[in-house]
Amino acid sequence: MFCNQCEQTERSDAGDGCASTKGACGKDAVTADLQDLLLHAVEGVAQHAWAARQLGVVDQDASRFILYAVFSTLTNVNFDPARIVPLIEQAATVRNRLRDAAAAAARNLGRTPETLTGAANFEPAADQDGMLAQAAGVGVLAGQDVVGADIIGLRALVLFGLKGVCAYAYHAQVLGYERDDIYAGVEQALVFLAGGPTDVEALLEQSLQLGRLNLTVMETLDAANIGTFGIPEPTVVRMTPVRGKAILASGHDLKDLHALLKATAGQGINVYTHGELLPAHAYPTLKAYPHLVGNYGGAWQDQRVEFAQFPGPIVMTSNCIIRPHSSYSERVFTAGPVGWPGLHHLTDDDFAPVVASAHALPGFTDDAPAETVMIGFARNAVLGVADKVVEAVKAGAIRRFFLVGGCDGAASGRNYFTEFAEAVPDDIVVLTLGCGKYRFNRHAFGEIGGIPRLLDLGQCNDSYSAIAIATALAGAFNCGVNELPLTLVISWFEQKAVAVLLTLLALGVRNIRLGPTLPAFLTPNLIGVLVERFGIQPITDAKADIAAALQRQAA
Ligand code: SF4
Ligand code: SF4
């Protein structure tokens, strides 16, 4: 196996990347190799989907399959080879359907059907062992001896950004929000990769093109969430348990949470959010369920301790799952693209097994002392008081905004983000999103003239809110986003963060602080390009970075 797609990848003097029998996340070599092969097969599907498009044939089911298959390869999503093998086989079936439809369309137009090459002609082996043999030579390092490390790094940037795009697009699609230009953009990027690109500028432009596509995707996801569940509103959320039977829902998928709430209504079971589902409490449709009682635990990396202590079943609706401990694995259920060998996988929105498990388990026997956090400051809430915010900035009451957010992880270097948020001077507002917020969201930040100093914008899936707020403020101040009194301090972990970063770069946002480490898949040369063209800076020391940001503002 070789995998270097996330921040947690193994790093050593011999080279960076998880390359032994198991990655740092727990993904084994079999799963990693099969996922490489799945991506190869999906490139072939996209080649045929793209060719069919040119003939006026659009196959939405094929586009949906691509999103699901690619999402299955993100970090901490699917660790189960028994789920990846059928996807590889399905890719060939979908590809054949597209090929036949394109051939028929060509003949109808009096043309000769196009002959595609490479991944387009991939035929999966009959069994897993045969597929593993096929996987040799199709991973991220394929061709490095010929094209060099910089090209491989840029291809990885495109591939990993595309993975994030597919994950976000999947979340919108399951809510019924789909756009053909998104599907065409995803397929175009896969066709680009299937062609084995070697031109640095073309690869950089493709990366930015993905960033622009991701903006459309995030806008669509924002519309999907709001259109389905209402406009998020400032909401106080209980962070401690109450007495009674209990189910914990983790991941990012609001649709699954809604289905779970419907399945448990009137059953005497309390539902808690975990991790990136905390923002669900701010949506009117979801908060209307009285048995959505609060949030339990923090970010994904603490789940082995928190899940062990939770006295009920746990539903993983998307990333980030990690190896379940035997003490609780029997009560973990997966949904959507999530998978772990041996866990019960839910299908067809049937949450009956989860409900039965909740009834059979003890639940919480006592109320814990109440502790709360305030959430729900998505773009509508913040822009609803934009006049007040602009006035506070002009009057000097708010000196600056720091957006401190993104993913969390286990690395000790992530303490930086806690130190940073808590050391921010009192006249600065902190915006946050993603699971990185758990590092400081119980800190008492107070207010500035009635405006909370910590504004939780939501999930990483809600990055569109941050962009909409920055764009609106730039309009109010009649300046560009880079001239705003705003500093972005991004904590990255996996491929959705790569997609968001590409969006920010495509929008021309400069001087982003990125940490806890820079991506291992980028060579020193490529990091040099990002620094030179986009002013990306690695995090250093929290207090020093705050001082540097304020100094830049004063200059
Ligand atoms: S997802 Fe991250 S930790 Fe897991 S194998 Fe890949 S690089 Fe390693
Ligand atoms: S923000 Fe990133 S690290 Fe956190 S749960 Fe979501 S995908 Fe995982």
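C320 is found in the loop between β5 and β6 of a predicted model, in which local features need pLDDT of at least 70, side-chain atom pairs count only at pLDDT 80 or more, and totals for chains, interfaces and linings use all residues. Residues are numbered from 1 along each chain as its sequence is written, while chains are lettered from A and ligands numbered from 1 in the order in which they are written. Helices (H or I, at least four residues) and strands (E, at least two) are DSSP runs, numbered from the N terminus. The peptide bond joining N319 and C320 is cis, with omega about 20°. C320 is also listed among the closest of the 13 residues that surround ligand 2, together with C407, G434, C435 and C460; a residue counts as near a molecule if its C-beta atom, placed from the backbone, lies within 6 Å of it.

The shell around ligand 2 consists of 6 nonpolar, 3 polar and 4 charged residues. In this classification Ala, Val, Leu, Ile, Met, Phe, Trp, Tyr, Cys and Pro count as nonpolar, Asp, Glu, Lys and Arg as charged, and the others, Gly among them, as polar. At least three residues of the shell come from each of domain 2 (236-360) and domain 3 (378-554). Ligand 1 is likewise surrounded by 13 residues, the closest being C3, C6, C18, G23 and C25. Its shell comprises 6 nonpolar, 6 polar and 1 charged.

The domain assignment, which is automatic or taken from a database, gives domain 1 (29-228), domain 2 (236-360) and domain 3 (378-554). The C-alpha centres of domains 2 and 3 are 29 Å apart. Contact between these two domains (C-beta atoms, placed from the backbone, within 7 Å) involves 9 residues of domain 2 and 11 residues of domain 3. On the domain 2 side, the touching residues are 3 nonpolar, 5 polar and 1 charged.

The chain contains 19 helices and 16 strands. One open sheet has 6 strands in the order β4-β3-β2-β5-β6-β7, with parallel pairing; two strands pair if DSSP finds at least two bridges between them. β4 (292-295) and β7 (344-345) each have a single partner strand, so one side of each is left without a neighbour in the sheet. Strand β3 (residues 269-273) is joined to β4 by 3 bridges, and T273 stands opposite N295 in β4. Helix α12 (residues 352-360) packs on this sheet, touching β2 (245-250), β3, β5 (314-316), β6 (332-334) and β7, and its direction makes about 135° with that of β2. Axes are lines fitted to C-alpha atoms, for helices over the stretch in contact, and angles run from 0 to 180 degrees between N-to-C directions.

Another open sheet of 6 parallel strands has the order β13-β10-β9-β14-β15-β16. Its edge strands, β13 (454-456) and β16 (537-538), each pair on one side only. Strands β9 (residues 400-406) and β10 (residues 428-432) pair over 4 bridges, with V430 of β10 as the bridge partner of F402. Helix α15 (residues 415-423) packs on the sheet and touches β9, β10, β14 (486-491) and β15 (513-515), its direction making about 155° with that of β9.

A cis peptide bond also joins G515 and P516, with omega about 5°; P516 lies in the loop between β15 and α18 (524-534).
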